[in-house]
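Welcome, and thanks for taking a look at this one with us. Please have the sequence and the 3D view open side by side as you read.

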Amino acid sequence: MFPASPRCFKRFSFLHFVRVSPQRLMSAEVVLERVKEAGVITLNRPKQLNALTSPMIRQIYPQLQRWQSDSDVSLVIIRGAGERAFCAGGDIKVVTEAGKRGDKTANSFFREEYTLNNAIAECRVPYVALIDGVTMGGGVGLSVHGKFRVATERTLFAMPETAIGLFPDVGGSFFLPRLPGHMGRYLALTGQRLRGGELVQARIATHLVPSNQLSTLVDALVSLRRPSITDVDATIRQFQSEVSSKPLPWQGDVERLFTAATLRDLLSQLEADGSTWAREQLTTLRKVSPTSLALTDLMLKRGKALTLRQCFQMELRAATRCLQGHDFYEGVRAVLLDRDNKPQWKPDSLDKVNQADIERMLDPLPPGEDLQL
């Protein structure tokens, strides 16, 4: 647990009516408060970019359930402390350390995280995620399944899991293949970043609001009485910025080149195209885990026909098998620990990946271990 600097809270005008002691703000990893009719969640690890931990999940989930059963709560708001991140993802270093020891807490992290993500998707009241700053991995899971996802000009979104030997989880197998065209496949395989209004264009965020208006927006939201979905939408729209209606700069290339039936065909299409953009994508795809590429592509294809609950079940199966493998630990070592960015993948090329092995990663877990929601 790391204390946050008081400077991280200077822009949160809503704290004047959230009755939280300075000591609690300095020490709690997550702050959960009732403000009028709103439940307010503040991820409070700004020095760690509000990375999500198991203790945080274990506080948020039961409180969210209590709020949903409380007839006096009509809105939930979630945001991150500080000005750099909403949530940069799960605390993967802790997960890999536990996984190496064979500790079941590694698997429990994913199980509990997906359970929380599903609860957000099924929240009975409007759920508003203020995704200001870095929003990746686990941070996407805390936001994308809610009714309202409010980005700012500082929002930086990505699902970069293939670079660490994992796959875009937290419901990525559900929402990514439902993005326009082949955008989801592109974002999932390459980890391409989106910024600000691009998230609205991609239909990941629902609104774009200037970061300097967020505190005023929160004041307005918590002042609503028994708000409907329409009421919340209308309130956010009072603060929103205009977003371009033009396609994203690379969208045409994606629809031209990311349509191949197989990954090998996709690489062949990129090679044959030869454009600067195509060569950049090839370079990226050849750096990330071949196993992760194959697993991700298969999960996106299956996810198109699955419910969100079924996708979470599939993702826990895949996460469990990644914890039993090599590439996840090697990717975290190369990217997050040693930072040499020279992972030694096994296998080291897509040609050496056995598709039957990939499909087995999605087989049911032993009796009693599959995710039940």
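Predicted model: local features only at pLDDT ≥ 70, side-chain atom pairs only at ≥ 80, totals over all residues.

Residues are numbered from 1 along each chain as its sequence is written, and side-chain values use heavy atoms, with hydrogens and water left out.

**Confidence**

- Helices here are DSSP runs of H or I with at least four residues, and strands are runs of E with at least two, numbered from the N terminus.
- Two packed helices are described by the angle between their axes and the distance between the axes.
- α2 and α4 (residues 105–121) pack at about 30 degrees with their axes 10 Å apart; axes are lines fitted to C-alpha atoms, for helices over the stretch in contact, and angles run from 0 to 180 degrees between N-to-C directions.
- α2 is therefore roughly parallel to α4, a label for angles under 35 degrees, with over 145 being roughly antiparallel, 65 to 115 roughly perpendicular and the rest oblique.
- The crossing of α2 past α4 is left-handed, meaning that the near helix is turned anticlockwise from the far one by less than a right angle, whereas clockwise would be right-handed.
- On the α2 side, the residues that meet α4 are S54, I57, R58, I60, Y61, L64, Q65 and Q68; their partners in α4 are F109, E112, E113, T115, L116, A119 and I120.
- I57 lies in α2 and counts as buried, with 2% relative accessibility; buried means under 20% relative accessible area, exposed over 50% and partly exposed in between (1.4 Å probe, protein chains only).
- Not counting residues up to four places away in sequence, I57 touches L52, P62, F109, E112, E113 and L116.
- I57 and F109 are 52 residues apart along the chain, and their C-alpha atoms are separated by 8.6 Å.

- N50 and T53 are both worth a look: N50 lies in the loop between β2 and α2, and T53 has its place in the loop between β2 (38–43) and α2 (54–68).
- N50 is not a glycine, yet has a positive phi of about 55 degrees, and counts as buried at 0% relative accessibility.
- T53 also counts as buried, at 8% relative accessibility.
- The side chain of T53 makes a polar contact with the side chain of E29 at 3.0 Å; such a contact is a pair of N or O atoms within 3.5 Å, where within protein one must be able to donate a hydrogen and the other to accept it, and residues adjacent in sequence count only if both atoms are side-chain atoms.
- Leaving out residues up to four places away in sequence, T53 touches E29, R45, D91 and F109.

**Helix α9 against helix α10**

- α9 (residues 214–222) and α10 (residues 229–237) pack at about 155 degrees, with their axes 10 Å apart.
- That angle makes α9 roughly antiparallel to α10.
- L217, A220 and L221 of α9 make the contact with V232, T235 and I236 of α10.
- α9 passes α10 in a right-handed crossing.
- I229, which lies in α10, is partly exposed with a relative accessible area of 37%.
- Beyond its neighbours within four places in sequence, I229 is in contact with P126, K147 and F148.

**Helix α16 and what follows**

- Helix α16 (residues 327–337) is mostly covered, with eight of its eleven residues buried: D327, F328, Y329, E330, G331, V332, R333 and A334.
- These buried residues pack against α3 (92–100), α14 (290–303) and α15 (308–323).
- R339 sits in the loop between α16 and α17, has a positive phi near 60 degrees although other than glycine, and counts as exposed at 58% relative accessibility.
- P347 lies in the loop between α16 and α17 (355–360), and a cis peptide bond joins K346 and P347, with omega about -5 degrees.

Technical notes: Contact = heavy atoms within 4.5 Å.
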